[in-house]
Amino acid sequence: MNFFQMKAFIEVAQAASISKAAQNLHLTQPAVSQQLQALEKCLGYQLLTRSNKGVRLTEYGNIFYSYAQSFITLWEKRETLDIQKQL
């Protein structure tokens, strides 16, 4: 599991669409799909239910979403502090 996989997952969850998330992340749809598949394989759980109408979070997806958001927020705060130290 890595930062980019979690970031892609959060974006997909918020957009409720892999295609829209890909646009927001400036990536291709297959690239985002690969990130999601790798994340699900690493965790051993299906996080999203995919359909032609978009995606929905599974029960595990809802749980992981809150943890992923917290992690990304902490990571971004840490990066901000690192930049401030360098100034």
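The model is predicted, so local features need pLDDT of at least 70 and side-chain atom pairs count only at pLDDT 80 or more, while totals for chains, interfaces and linings use all residues. Residues are numbered from 1 along each chain as its sequence is written, and side-chain values use heavy atoms, with hydrogens and water left out.

The chain holds 4 helices and 2 strands. Both kinds of element are DSSP runs, numbered from the N terminus: helices are H or I runs of at least four residues, and strands are E runs of at least two. Read from the N terminus, the order is α-α-α-β-β-α. Along the principal axes, the C-alpha atoms fill a box of roughly 50 × 25 × 20 Å. The chain has 87 residues, and 30% of them count as buried. Buried stands for a relative accessible area under 20%, exposed for over 50%, and partly exposed for values in between (1.4 Å probe, protein chains only).

Contacts were also counted by separation in sequence. A contact means heavy atoms within 4.5 Å. Among contacts with a separation of 6 or more, 52% join residues 24 or more positions apart. The accessible surface of the chain comes to about 6,100 Å². Carbon and sulfur atoms contribute 54% of that surface. These areas come from the Shrake-Rupley method with a 1.4 Å probe; for residues, only the protein chains shown count as cover.

The chain carries 9 positive and 6 negative charges, and their mean positions are 5 Å apart. Lys and Arg count as positive, Asp and Glu as negative; His and the chain ends are not counted. Each charge is placed at NZ of Lys, CZ of Arg, CG of Asp or CD of Glu.

The model contains 2 salt bridges. The term requires a side-chain nitrogen of Lys or Arg within 4 Å of a carboxyl oxygen of Asp or Glu. E76 is partly exposed at 36% relative accessible area. K7 is also partly exposed, at 31%.

Another salt bridge connects R50 with E40, and their closest N and O atoms are 3.0 Å apart. R50 lies in strand 1 (residues 48-51) and E40 in helix 3, so the pair ties together parts that are 10 residues apart in sequence. R50 is partly exposed, with a relative accessible area of 37%. E40 is buried, at 12% relative accessibility.

Helix 3 (residues 29-43) also contains S33. S33 is buried, with a relative accessible area of 14%. Its side chain makes a polar contact of 2.9 Å with that of Q29. A polar contact is a pair of N or O atoms within 3.5 Å; within protein, one must be able to donate a hydrogen and the other to accept it, and residues adjacent in sequence count only if both atoms are side-chain atoms.

Positive phi values occur at A16 and H26. A16 is not a glycine, yet its phi is about 55°. A16 is found in the loop between helix 1 and helix 2 (18-25), and it is partly exposed at 35% relative accessible area. H26 is not a glycine either, and its phi is about 60°. The loop between helix 2 and helix 3 holds H26. At 73% relative accessibility, H26 is exposed.
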